[in-house]
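Keep the viewer open as you read.

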2 protein chains.
Amino acid sequence: MMNIAVAQSGGPTCAINASLVGVFREALKNPTIDAIFGSVNGIEGIIGNHLVDLKSMILTNDDMELLRQTPSTVLGSCRYKLPDHHSDETVYKKIANTLKQRNIGAFFYIGGNDSMDTVNKLSEYFRSIELDIKVIGIPKTIDNDLCITDHTPGFGSAAKYVAATMREITRDSTVYSIPSVTIVEIMGRHAGWLTASSAVLHAMGETAPHLVYVPEAEFSPESFLRDVRQEMSKHKAVIVAVSEGIEVPEGVQSGCVDNFGHKYLSGIGKYLEGLVRGEIGCKVRSIELNVMQRCSSHLCSKTDIDESEAIGAAGVRCALAGETGKVMVFRRAADVPYTIVIETADSADIANLEKFLPEKYINAAGNNIRDHALSYFLPLIQGELNLVMEHGVPKHFAIHESLLK
Amino acid sequence: MMNIAVAQSGGPTCAINASLVGVFREALKNPTIDAIFGSVNGIEGIIGNHLVDLKSMILTNDDMELLRQTPSTVLGSCRYKLPDHHSDETVYKKIANTLKQRNIGAFFYIGGNDSMDTVNKLSEYFRSIELDIKVIGIPKTIDNDLCITDHTPGFGSAAKYVAATMREITRDSTVYSIPSVTIVEIMGRHAGWLTASSAVLHAMGETAPHLVYVPEAEFSPESFLRDVRQEMSKHKAVIVAVSEGIEVPEGVQSGCVDNFGHKYLSGIGKYLEGLVRGEIGCKVRSIELNVMQRCSSHLCSKTDIDESEAIGAAGVRCALAGETGKVMVFRRAADVPYTIVIETADSADIANLEKFLPEKYINAAGNNIRDHALSYFLPLIQGELNLVMEHGVPKHFAIHESLLK
């Protein structure tokens, strides 16, 4: 008999709790696993020996379904990067102590790039001191920028929210008879996956988004203004999708000052809004989808949630098969009918690397997404969950605040 | 036999098209009504004789259901205020000409405050020239600030989106172990109804929103900072709901300048974010719900959509009964079980007036909503539609752009 531990890390998504359910439900099936610990605030909970007993908190299948529908990380999160164990072993010793003391034979880390670095370093360290504790990474990020895997858990739900909301914004933007430009700022500092996914609307007969700017394509204010003018000659209401991370000449995001002398960040949307207002002079609005694009579980993708649970479960089977230092990944066997196979990759091949939008998805002008990219995005946003409602609002699974800290 | 005309006006909501369906479906039932015209871009379409034949566009019950789920105004909108007909009759003559030429015996105007002013002025003018054309107002606004009516069509859907999103933002904001403040800016220039509605989360065991600021209560930066500090002593992640229209000392919203010298508006959320960052120095984020709160039909309130259709239908019956210059209103017969009766009010008693949040709904400190107000808000956000999906995204009813202009 052994115990296991699971933790969640990095920025929230709609699917991290589904992966937790996957680990939990698969572990319950296995008679060699006894306690299932949740680490509070990612790896910090292991370092500080702050673990909770998940079996005493997730009691029924209804609890698991509710948890699958609950956005963000029910166990909290962290942004913690392990040092190199050759130069500083202190924190590694704390981690090993907690895991040994609790008789934990396998640790599952649900997270993005940085978390896969933790998986890599921890598994290497355990090998170096010949400690038999398996470390397995379960990927997640709305940015979809992890290598090897076809896509990342959490991305499909974010893409579905962005597409649906972009369509609604398009309806909202076309009501008046005067010409207008609406700029929608979407998350993605280095990779334009989420912004590009908004082009799925083209498969539904929408002309919007009329312009799509991603960090992978070169951007200049001059060509942007030329693009907008050209689209305005064709459409009364021009809709622009833009990644927060596109590179602008002088670094707009370095801070503005409001009337009260308070400094604050100005996003790329506000910058482009200012450009259009100043240079074209038409009605213009910028909209930041902000954290809603990563936490709007009320419109999550069933495909994403189901896959996120499945990849968590596969992680448990992988550890029980004796593997360590692995990250679970999706391989797409086919677009039609959409078929996904879960495999493993070495954490060293994923940690700290980024995957960018392929050039072939971006049009020649660098201002929109080609139609043949849509078969990549469309399967990921399919299906809806039967939401559990409470007084007209989606209900969330709650672990009592006092247990978490 | 007579024809009728219907138009939509003012800012978009999720429920304006449902009211259009109400007018349309009720008119179909009546053998004395022949053509049902839609006026493009509100009253502008009547002035410019730009009408479309709705019977040739809305063909099936499925079309009507899809239209009920489609946000914004399918016939376009306008912001047009009629002059006094005693001082300038020109535009009135154009309107009368169009209506007479098309044999229109009743005109239904779906809109907010300004549109009810149009209903009032038009019906008075027609009386003064003894022209027998009925003019009936169907209210709509997410602001919920119309007098006499218990609430306005469109408000419930906006409130449901705000509450659900605020709950998701709360999950998103509580993941890290460090203290934080999250400020959510909600629409409402003069009336705090929509911001106040976010307090429905308290009925679901949420402590958030911890602070609620509405234009009806006095605001000062000093008491705001004191409030935030006090809530931070109780909660790791403090969630603040604030109306865009709260009055701040020097008028923050008068424009900022970004690094490129472009002027743009800074909302109240950014202002409060700057205050917290400057004076408290903790992690802080502001989120503007922007147009999503008025167009997110994917999470509309079934109660709101059904009532919006019903009040449109009641408008047709009212005109057929010989009334004019009336606005349809809701009277709440009971909170439990929630019971609404549709009645009429004189347009003169509604036009250009605003209804504010009653003082009894606001707590003594002016920084939150009292629990007894929740029985007002909760019935309005109940129920969900069975959304028609298309490739994973809610489908919308589309009238071809070329028909609209």
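What follows looks at salt bridges and then at backbone geometry.

## Before we start

This is a predicted model, where local features need pLDDT of at least 70, side-chain atom pairs count only at pLDDT 80 or more, and totals for chains, interfaces and linings use all residues. Residues are numbered from 1 along each chain as its sequence is written, chains are lettered from A and ligands numbered from 1 in the order in which they are written, and side-chain values use heavy atoms, with hydrogens and water left out.

## Salt bridges, and one inside chain A

Side chains of opposite charge can pair when their charged atoms come close. Here, a salt bridge means a side-chain nitrogen of Lys or Arg within 4 Å of a carboxyl oxygen of Asp or Glu. Counted that way, there are 44 salt bridges over all chains.

Start with Asp306(A) and Arg68(A), whose side chains form a salt bridge at 2.9 Å, N to O. Asp306(A) sits in helix H11 (residues 302-320) of chain A and Arg68(A) in helix H3 (residues 61-68) of chain A, so this pair ties together parts that are 238 residues apart in sequence. (Helices are DSSP runs of H or I with at least four residues, strands are runs of E with at least two, and both are numbered from the N terminus.)

How accessible are the two partners? Asp306(A) is partly exposed, with a relative accessible area of 28%, while Arg68(A) is buried at 7% relative accessibility. Those words have cut-offs: buried is under 20% relative accessible area, exposed is over 50%, and partly exposed is in between, using a 1.4 Å probe and protein chains only.

## A bridge between chains

Next up, Glu390(A) and Arg167(B) pair their side chains in a salt bridge at 2.8 Å, N to O. This pair crosses between chains: Glu390(A) is in strand S14 (residues 389-390) of chain A, and Arg167(B) is in helix H6 (residues 155-173) of chain B. Glu390(A) is buried, with a relative accessible area of 18%, and Arg167(B) is buried too, at 3% relative accessibility.

In chain B, the side chains of Arg68(B) and Glu65(B) meet in a salt bridge at 3.0 Å, N to O. Both residues lie in helix H3 (residues 61-68) of chain B, 3 residues apart, which is about one turn of the helix. Over in chain A, salt bridges that share partners link Arg25(A), Glu65(A), Arg68(A), Lys302(A), Asp306(A) and Glu309(A) into one network.

## Backbone spots to look up

Most residues other than glycine have a negative phi, and most peptide bonds are trans. Now for some exceptions. A cis peptide bond joins Ala208(A) and Pro209(A), with omega about -10°, and another joins Ala208(B) and Pro209(B), with omega about -5°. Pro209(A) is in the loop between helix H7 (193-197) and strand S7 (211-213) of chain A, and Pro209(B) is in the loop between helix H7 (193-197) and strand S7 (211-213) of chain B.

Two non-glycine residues have positive phi: Ser72(B), near 70°, and Asn352(B), near 65°. Ser72(B) lies in the loop between H3 and helix H4 (90-101) of chain B and is buried at 1% relative accessibility. Asn352(B) lies in the loop between strand S13 (339-346) and helix H12 (374-377) of chain B and is partly exposed at 40%.
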